Amino acid sequence: MKHFTIIGGGVAGLTAAIGLQQIGIQADVYEGAPVLKGIGAGFGLAANAMQALEYLGLKSEVMVLGHLLPDYNILDEKGQILVAPDTSSISQRYKQDNFAIHRADLHQYLLSKIDSSSLHLGYRAVQLQKDQEKIILTFDNGHTIETDYLLIADGVKSALRQQLIPSSSPRYSGYTCWRATIDNSTIQLDKGSETWGAKGRFGMTPLVGNKIYWYACINTRANNPLYRNWNIENLRKHFASYHYPIPQILNETEDKQLIWNDIIDIKPLDQLAFGNILLLGDAGHATTPNMGQGACQAIEDVAVLIDELKKDKSIAQAFVDFEKRRLSRTRYITETSWTIGKIAQWQNPALIAVRNFLMKILPENLQQYKLNKLLNVDFMEINNKR
């Protein structure tokens, strides 16, 4: 029996292991972290991700872990609505809802669905080489293994992707980000929103368990030591002029709850399949978070891959056909998200005034164009297009 190996124990890797298990393929998962606890905070599972989870038979159990998001408005720094997408009508057409979920909750759920003996922690893959039909993997702890098929799902900084495509180094977006998950007992936030202002962006959404996930993005150079050392008091002062409940949310946040990182992606690739090797999730199409599609596209990847593997064809051909079905969609999302991020992070007052005016007067169908193009296309029906 041919052996599958998955590199990366994130959303893409664990979901892939579950999907393969469902069709009778047991895969070993190798993860560089010594403990899997779902680093990060919250993220969205949009209607397309819920459809993919339904295809994989996981939707009903994941739904109870998420907070239903009936709407998500874009606001200016005074709290006035710039755009109020009608996500409910899109959900009805797609027959799925949108949710916000904590990464740790999703990780724990996915872990519960795979055989623990197949998960190997503390193994960071650093090199691969092909030996006839086999793939030899080397890890940073000196360990080596052989496998027949390899799914690379270890994220935007994947060393193995970098080896396959030397030009695929992560690119910096131009802004850095702080995130946190805090208690919602005092604020009682009941809907999600994102605020666009001259000092940066601030997003917030409720989570299950009476929690709030928030994030703040500020323009700067990459790996700026000034911001690396910022604490919650710095953020309170920076966003003090923003609308309610942003100052209150920051007042409820402690330094130990902060997570900081620069926002990066990779320029869209022209190839995901390399014979018996396949790139999945952020390793293949990392995107900035401006469309809330990073984890969603990883889950879509798995649904499409399992769909191809179920067909009467070789695994290598399934990988090629997966690539044909995924390249144009993931390219659109990466490029659109990159553009949205640039516009959302404008600092020039004149440009901001024009942007905000246009966003307010645009007809609803144009306001929702990007969202409609994403969600009105059934990704499971995209077939053999490059």
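Analyst: Two strands pair if DSSP finds at least two bridges between them, and strands (E, at least two residues) and helices (H or I, at least four) are DSSP runs numbered from the N terminus. The model is predicted, with local features needing pLDDT of at least 70 and side-chain atom pairs pLDDT 80 or more, while totals for chains, interfaces and linings use all residues. Residues are numbered from 1 along each chain as its sequence is written, and side-chain values use heavy atoms, without hydrogens and water.

User: How do you know that S13 and S16 pair?

Analyst: DSSP must find at least two bridges, and 9 join S13 (residues 171-183) to S16 (residues 211-219), so the two strands pair and run antiparallel. Thr176 stands opposite Ile218 in S16.

User: What makes S6 and S17 edge strands?

Analyst: The open sheet has 7 strands, ordered S6-S5-S14-S15-S16-S13-S17, with mixed pairing. S6 (81-83) and S17 (259-265) each have a single partner strand, so one side of each lacks a neighbour in the sheet.

User: Which residues make the contact of H2 with H11?

Analyst: Contact means heavy atoms within 4.5 Å. Among the residues involved are Asn48 and Leu53 of H2 and Glu300 and Ile306 of H11. The axes of H2 (residues 47-55) and H11 (residues 294-309) come within 8 Å and cross at roughly 35°; axes are lines fitted to C-alpha atoms, for helices over the stretch in contact, and angles run from 0 to 180 degrees between N-to-C directions.

User: Is the crossing of H2 and H11 left-handed or right-handed?

Analyst: A crossing is left-handed if the near helix is turned anticlockwise from the far one by less than a right angle, and right-handed if clockwise; that of H2 and H11 is left-handed.
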